[in-house]
Amino acid sequence: MLVDIDTAQPLGRHDFPTLAACGCNVTRRFRAGRLDIIMEHLPPSAGGEDLAYVHWALMALLEDRLMCVVSIESLDLRSLAASTSVSVKELQREYGTRSHLTEPMLYIYGDGQREELGPVPMALGEELVLPYMMDYLLDSMDVVDELVPVKE
């Protein structure tokens with residue numbers, strides 16, 4: 001997915017039920033050209049949806065408008081069980097897991113779209129996922145500006 005920051009529509013909190021809420025549980029901030037980039041750990045979903053468990057979210061803002069989000073998400077089988085009346089055990093068998101969460105997947109949101117990028121091939125520590133997610137975010141927005149950490 002390519003998101004042109006000059007023509008793309010900003011993301012709204014009700015565009016996707018799994019979209020992470022912006023400004024919650026911020027761990028780091030960066031600046032790249034005209035973009036402000038925020039990294040969040042375990043943010044709630046903006047729409048109040050609890051089927052998605054967001055491990056990490058990396059958000060690009062242009063003049064306080066949310067333009068692109070890269071997130072690592074799992075499906076919360078407990079929540080799915082409650083909404084479908086199917087047991088957690090049955091869902092665990094179906095999804096091939098012993099956990100209450102499915103395998104973490106990488107997603108990107110931008111310009112009215114959500115795209116699944118596949119399973120996350122690493123442990124979910126911040127130092128590992130930050131460069132992995134940042135590469136996807138900057139590539140999808142075609143940003144070549146230097147990434148500068150912002151102190152709070």
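Residues are numbered from 1 along each chain as its sequence is written, and side-chain values use heavy atoms, with hydrogens and water left out. Because the model is predicted, local features need pLDDT of at least 70 and side-chain atom pairs count only at pLDDT 80 or more, while totals for chains, interfaces and linings use all residues.

**The strands**

Let's begin with β4 (residues 65-75). Helices (H or I, at least four residues) and strands (E, at least two) are DSSP runs, numbered from the N terminus. Of the 11 residues in β4, 9 are buried, where buried means under 20% relative accessible area, exposed over 50%, and partly exposed in between (1.4 Å probe, protein chains only).

Two strands pair if DSSP finds at least two bridges between them. The pairings here are as follows.

| Strand pair | Direction | Bridges |
|---|---|---|
| β3 (residues 52-62) and β4 | antiparallel | 10 bridges |
| β4 and β5 (residues 105-110) | antiparallel | 6 bridges |
| β5 and β6 (residues 113-119) | antiparallel | 6 bridges |

Some partners are handy to find on screen. Alanine 52 stands opposite leucine 75 in β4, and valine 69 faces tyrosine 109 in β5. Tyrosine 109 in turn has arginine 114 of β6 as a bridge partner.

The one made by β3 and β4 has 2 residues between the strands, and glutamate 63 in its turn has a positive phi of about 50°. In the hairpin of β5 and β6, also with 2 residues between the strands, aspartate 111 takes a positive phi near 50°.

Helix α1 covers residues 77-84, with Leu77, Ser79, Leu80 and Ala81 buried. These buried residues pack against β4 and against α2 (88-95); contact means heavy atoms within 4.5 Å. At the start of α1, a side-chain oxygen of aspartate 76 comes to within 3.0 Å of the backbone nitrogen of arginine 78. Just after the helix, serine 85 has a positive phi of about 60°.

**Threonine 102**

Where does threonine 102 sit? Its place is in the loop between α2 and β5. Threonine 102 counts as buried because its relative accessible area is 13%. A polar atom of its side chain lies 2.8 Å from the backbone nitrogen of leucine 75. A polar contact is a pair of N or O atoms within 3.5 Å; within protein, one must be able to donate a hydrogen and the other to accept it, and residues adjacent in sequence count only if both atoms are side-chain atoms. Leaving aside residues up to four places away in sequence, threonine 102 touches Ser74, Leu75, Leu77 and Tyr95.
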